[in-house]
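This report describes selected local features of one protein model. Please consult the sequence and structure below while reading.

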Amino acid sequence: MPAPTNHFKARLKSGETQIGLWVSMGDPSVAELCAQAGFDWLVIDGEHGPNDLLSIRDQLRAVGTTTSAVVRARDDDRAFIKQLLDVGAQTILIPMIESGDQAREAVRSMLYPPHGVRGIGAALARASAYNAIPDYLTTANDEVCLLLQVENRVGVDALDDILAVDGVDGVFVGPADLAADLGFIGNPGAPEVQAVVVDVLTRIRAAGKAAGILTSDRALAQSYADMGVEFLAVGSDVGTLVGALKTLRGAF
């Protein structure tokens with residue numbers, strides 16, 4: 001029996017736009033509710049959300065197979081990536097990638113030898129159903145999915161090198177950090193920022209990689225969907241809750 005099929009990774013290759021939601025509250029019940037809302041994918045946020053390994057594991061359990069879970073690591077720390085994979089994350093998003101060398105090391109962290117350096121501990125891991133998946137070690141490399149974030153000028157300058165790395169399944173543009181680095185902090189919708197964003201998304205897709213981005217601006221989201229962006233997040237649990245609460249209170 002092989003490792004579970006990574007449906008998110010498979011759909012990235014289909015050319016369709018998968019619609020996602022950021023999950024940042026660190027609570028399994030919130031993750032479960034979001035999973036039931038019908039989104040194609042969710043990001044369990046380990047960079048800015050108040051999450052640790054155990055809370056991420058519990059949210060992966062809560063989401064189950066209802067939708068595809070993407071886990072954003074706090075950084076490209078190899079040991080933590082290994083632990084995320086072992087608790088059952090199959091798709092990992094790594095922030096602040098700034099070079100081809102950094103991208104290559106991220107790929108190595110995701111894969112078992114001889115293609116990478118992921119440590120062998122599947123017998124202890126939720127990922128292998130605690131050793132109940134006999135072929136996990138020989139099939140896991142095919143089902144993990146690596147997404148890298150480019151979110152500053154250094155990363156944009158290194159984009160061609162990053163895109164040339166085998167094993168990178170997709171590149172995600174971080175518009176908030178990119179806007180700040182370009183001198184437009186808090187204003188990712190600025191025309192100057194969007195010109196860079198659109199250029200980067202276009203280059204990602206032209207290189208044969210999946211392109212992704214997050215925005216709560218519905219007009220921008222539609223424009224990205226019209227471009228054919230493969231994984232598009234259209235909001236967050238926090239933003240959705242705050243907006244709904246304000247709307248309800250405003251009605252009375």
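A residue is called buried under 20% relative accessible area, exposed over 50%, and partly exposed in between (1.4 Å probe, protein chains only). Helices (H or I, at least four residues) and strands (E, at least two) are DSSP runs, numbered from the N terminus. The model is predicted: local features need pLDDT of at least 70, side-chain atom pairs count only at pLDDT 80 or more, and totals for chains, interfaces and linings use all residues. Residues are numbered from 1 along each chain as its sequence is written, and side-chain values use heavy atoms, with hydrogens and water left out.

**Helix 2 and its surroundings**

Helix 2 spans residues 28–35, and Val30, Ala31, Cys34 and Ala35 are buried there. Viewed down the helix axis, these buried residues fall within an arc of 135 degrees, so they line one face of helix 2; the arc is that of the directions from the helix axis to the C-beta atoms. Their cover includes strand 1 (18–23), strand 2 (41–45), helix 3 (53–63) and helix 12 (237–250), where contact means heavy atoms within 4.5 Å. At the N-terminal end, helix 2 is capped by Asp27, with a side-chain oxygen 2.8 Å from the backbone nitrogen of Ser29.

Leu245 belongs to helix 12. Together with Met25, Val238, Leu241 and Val242, Leu245 forms a nonpolar surface patch with about 390 Å² of accessible area. Patches are made of residues with over 30% relative accessible area and no salt bridge, nonpolar side chains (Val, Leu, Ile, Met, Phe, Trp, Tyr) being joined within 5 Å. A salt bridge is a side-chain nitrogen of Lys or Arg within 4 Å of a carboxyl oxygen of Asp or Glu. Accessible areas come from the Shrake-Rupley method with a 1.4 Å probe.

**The loop between helix 5 and helix 6**

Most residues other than glycine have a negative phi, and most peptide bonds are trans. The loop between helix 5 (100–110) and helix 6 (136–143) contains Pro114, which is joined to Pro113 by a cis peptide bond with omega of about 10 degrees.

| Residue | Phi |
|---|---|
| Tyr130 | about 55 degrees |
| Asn131 | about 75 degrees |

Tyr130 is partly exposed, because its relative accessibility is 46%.

**Gln194**

Gln194 lies in helix 10 (residues 191–206) and is buried, because its relative accessible area is 10%. The side chains of Gln194 and Tyr224 make a polar contact of 2.5 Å, that is, a pair of N or O atoms within 3.5 Å, one able to donate a hydrogen and the other to accept it.

Key
Patch = residues over 30% accessible without salt bridge, like charges linked within 9 Å, V, L, I, M, F, W, Y side chains within 5 Å.
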